[in-house]
Amino acid sequence: LSSIVRGGIAKMYSGLSATVGKHFAHSTVYFAVFEELRPYGPGRSAPKWKQIGFDLSTGFAAGVAAGTVNNPFDVVKTRHQVAAASGIAGHELAGDFASRVP
């Protein structure tokens, strides 16, 4: 509550657009990669362990691709949030941190 009093409601939503972009990019890439790889999987008649192994592997590959695309959005989001926090009393170190991160 004290953060709202010191920084205002708007400070609570600092970096919102970057966060939305981050989640959009991650979800889009994840599901696109997962769906593109699905046709290469075992058919429904394959043993259950093969289906599970393929789903885990496909999910891993989709997660790696999504995380790679998502990283720049995450950096922008974090910088927005740190910059906003640096203006709030009691968070002066955030400004120092933000100025040192390349």
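Visitor: Which residues form one aromatic cluster?
Guide: Tyr 30, Phe 31 and Phe 34 form one aromatic cluster. Before we go on, please note that this is a predicted model, where local features need pLDDT of at least 70 and side-chain atom pairs count only at pLDDT 80 or more, while totals for chains, interfaces and linings use all residues. Residues are numbered from 1 along each chain as its sequence is written, and side-chain values use heavy atoms, with hydrogens and water left out.

Visitor: How many aromatic pairs are there?
Guide: A pair of aromatic rings is described by the distance of the centres and the angle of the planes. Rings of Phe, Tyr and Trp (its six-membered ring) pair if their centres lie within 6.5 Å; planes under 30 degrees apart count as stacked, over 60 as edge-to-face and the rest as tilted. This rule gives 2 aromatic pairs. In the edge-to-face pair of Tyr 30 and Phe 31, the centres are 5.3 Å apart and the planes make an angle of 85°. Tyr 30 and Phe 34 make a stacked pair, with 6.1 Å centre to centre and 10° between the planes.

Visitor: Where do Tyr 30 and Phe 34 lie?
Guide: Both are in helix 3 (residues 16-37), 4 residues apart, which is about one turn of the helix. Helices (H or I, at least four residues) and strands (E, at least two) are DSSP runs, numbered from the N terminus. The protein has 5 helices and 0 strands, and its pattern along the sequence is α-α-α-α-α.

Visitor: Is Phe 34 buried or exposed?
Guide: Buried means under 20% relative accessible area, exposed over 50%, and partly exposed in between (1.4 Å probe, protein chains only). Phe 34 has a relative accessible area of 16%, so Phe 34 is buried. Of the 102 residues of the protein, 23% count as buried. Gly 59 in helix 4 is buried too, with 16% relative accessibility. The C-alpha atoms of Gly 59 and Val 33 are separated by 8.8 Å, and the two residues are 26 apart along the chain.

Visitor: How many salt bridges does the structure hold?
Guide: Side chains of opposite charge can pair when their charged atoms come close. A salt bridge is a side-chain nitrogen of Lys or Arg within 4 Å of a carboxyl oxygen of Asp or Glu. The structure holds 3 salt bridges. One of them joins the side chains of Lys 22 and Asp 74, at 3.9 Å from N to O. Lys 22 lies in helix 3 and Asp 74 in helix 4 (residues 48-86), so this pair ties together parts that are 52 residues apart in sequence. Lys 22 is buried at 15%, whereas Asp 74 is partly exposed at 27%.

Visitor: Which residue forms a salt bridge with Glu 35?
Guide: That residue is Arg 38, and the closest N and O atoms are 3.3 Å apart. Glu 35 is partly exposed at 43%, and Arg 38 is partly exposed at 47%.

Visitor: Which residues line the largest pocket?
Guide: Among them are Arg 38, Gly 41, Arg 44 and Phe 54. On a 1 Å grid over the protein atoms alone, a pocket is an open set of points where a 1.4 Å probe fits, with protein on both sides within 12 Å along at least five of seven lines; lining residues have an atom within 4 Å of a point.

Visitor: Where is confidence lowest?
Guide: pLDDT is the predictor's confidence in each residue, from 0 to 100. Confidence is lowest in helix 5 (residues 92-100), at a mean of 62, and highest in helix 3, at 91. The protein averages a pLDDT of 82, and 73% of the residues score at least 70. Where pLDDT is low, the predicted coordinates should not be read in detail.
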